[in-house]
Amino acid sequence: MSTNKKEIGFFEKYLTVWVALCIGAGILIGHLAGEDITFLSDMEIYNVNIPIAILIWLMIYPMMLQIDFGSIKGVGKAPKGLILTLVINWLIKPFTMAFFAWIFFDKLYSAYIDPELAGEYIAGAILLGVAPCTAMVFVWSYLTDGDPNYTLVQVSVNDLIILVAFVPLVGLLLGITDITIPYGTLVASVLIFVVVPLVAGVITSKIMIRSKGEVWFKNEFLPKFKPVSIFALLLTLVLLFAFQGPNILNNPLIILLIAIPLIIQTYFIFFIAWFGGRKLKLPHAICSPAAMIGASNFFELAVAVAIALFGLQSPAALVTVVGVLVEVPIMLSLVALANRWRY
C-alpha cells in the first residue's frame, strides 16, 4: 500500500467549479448576445459544428497520446480484470443507463417533460452510457493505487472496441426510443472524434518516443497538453450553455432533474464492478480501476456526438454536459470509498 498521500491536480480537482462558472458565463453570453450568436451554430459541415469540432478534437487528442496498444500484448497475464471491464462497459452499462433514463425522463418526469423532449434527454444519457472513460480514469486509478500498466491495457482495449461497438450500440439503444438515427452522421462523428485523434496520437507518441525517449515524452511532452485539453473543454461548455441558456432559464430545475439518473447510474455501475471484482478475487490494484472505468464516462465523445446528431441547443447535448458537471465530485466520492474499502 502506498504511504504517500496522493492528490488530484488543481484543475482536475476543481473541474466542477470551472464547469459551474462556465455554465454561468455561457448563459450570460447567450442572454447578452441574443440572436447574434447563431452564426456560430450555422458553421457546419455535414451536421458537424466546426468550432465545437475543433475544441472537442483538442480535448480528445491529448488523451489518445497516452494510449499504448503495445501494452495489450500483456493481456493474458491477468485476463479476469479485463473481462470484468469489458462486460461492465459493453454488456451492462449501456443498457442500465438507457433503463434509468427511460424510468426518469419518460415516466417519473412525465409531468415536467413532454414525450418528444424526453426522447432526446434519454438519447443524451444513452450517449454517455455507451462511451466508457478514456482519460480521467488514469487519475482515478492513480488516486486509488491502481496498477497503471494494467489500467493502460484496460483503456487501450476499450478504445479499440469503441471503434466497432459504439455505432451499433448507439443505433440499437436510440432505436428503442423511436428517434430517427442519421447513421452517416453517427459514423462520421466516430471517425472525426475517435479514429482521427487516435491515429494522430499513436503516430505522435511513436515519433516523439523514438526521437526523445519515453521518459521525456511522459514527463515533459504530455504535461504540456493538460492545459490545452482543459481550456478546450471549458470553452466548449461556454459555447454550449450560450445556446442552452434560454432552455435553462425557462426551466431552472432541469439541471437537477438530469443529474439524478446520471448519479444513480454512476453509483450503481461502480458497485456492480467493485463487488464483481471482489467475487473474481481480483487484487485491489486491478479491481479499483475496473470499477472506475465502468463508473466514469468518455464525456468528450458523448458531447461531440450529441451535438452532431441533435444540435447545439438540443436536450441531448445538455444531458451530456450535465454529465461533465456531476462526474468529478461523484468520482472523487468513489475514490474515497475505494480507498476506504482497500484490501
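At what angle do helix α12 and helix α13 pack, and how far apart are their axes? I started my notebook with that. I am working from a predicted model.

**Entry: α12 and α13**

I looked up helix α12, residues 254-279, and helix α13, residues 284-295. They pack at an angle of about 155°. Their axes are 8 Å apart. Angles over 145 degrees count as roughly antiparallel, so α12 is roughly antiparallel to α13. I also checked the hand: the crossing of α12 and α13 is right-handed.

Next I listed the residues that make this contact. From α12 come Thr-266, Ile-269, Phe-270, Ala-273, Trp-274, Gly-277 and Arg-278. From α13 come His-284, Cys-287, Ser-288, Ala-290, Ala-291, Met-292, Gly-294 and Ala-295. I sorted the contact of α12 with α13 by class and got nine nonpolar, five polar and one charged residues.

**Entry: the loop between α12 and α13**

Lys-281 sits in the loop between these two helices. Is Lys-281 buried or exposed? I read a relative accessible area of 71% for Lys-281. The cut-off for exposed is over 50%, so Lys-281 is exposed. Phi of Lys-281 is near 60°, a positive value in a residue other than glycine. Most residues other than glycine have a negative phi.

**Entry: α7 and α13**

I then turned to the packing of α7 with α13. Their angle is about 145°, and their axes are 9 Å apart. The crossing of α7 and α13 is right-handed. On the α7 side I noted Val-137, Trp-140 and Ser-141. On the α13 side I noted Pro-289, Met-292 and Ile-293. By class, the contact of α7 with α13 has five nonpolar, one polar and no charged residues.

**Entry: Asp-145**

Where is Asp-145 found? I placed Asp-145 in the loop between α7 (136-143) and α8 (148-176). Phi of Asp-145 is positive, about 60°, although Asp-145 is not a glycine. Its relative accessible area is 19%. Buried means under 20%, so Asp-145 counts as buried. I looked for a side-chain partner and found Arg-342. A polar contact of 3.2 Å joins the side chains of Asp-145 and Arg-342.

**Entry: Thr-96**

I looked up Thr-96 in helix α5, residues 79-108. Thr-96 has 15% relative accessibility, so I logged Thr-96 as buried. Which residues does Thr-96 touch, not counting those up to four places away in sequence? I found Gln-265, Phe-268 and Ile-269.

**Entry: Ala-317**

My last stop was Ala-317, in helix α15, residues 315-340. Ala-317 has 1% relative accessibility, so Ala-317 is buried. I left aside its neighbours within four places in sequence and listed the contacts of Ala-317. They are Leu-240, Gln-244, Ala-306, Ile-307, Gly-311 and Leu-312. I also checked Ala-317 against Tyr-121. The two are 196 residues apart in sequence. In space, Ala-317 and Tyr-121 are 8.3 Å apart, C-alpha to C-alpha.

Notes:
Residues numbered from 1 in each chain as written. Predicted model: local features only at pLDDT ≥ 70, side-chain atom pairs only at ≥ 80, totals over all residues. Heavy atoms only, no water. Axes fitted to C-alpha atoms, helices over the stretch in contact; angles between N-to-C directions. Helix = DSSP H or I, 4+ residues; strand = E, 2+ residues; numbered from the N terminus. Parallel < 35°, antiparallel > 145°, perpendicular 65-115°, else oblique. Left-handed = near helix turned anticlockwise from the far one by under 90°. Contact = heavy atoms within 4.5 Å. Nonpolar A, V, L, I, M, F, W, Y, C, P; charged D, E, K, R; others polar. Buried < 20%, exposed > 50% of the residue type's maximum accessible area, 1.4 Å probe, protein only. Polar contact = N/O pair within 3.5 Å; in protein donor to acceptor, adjacent residues only side chain to side chain.
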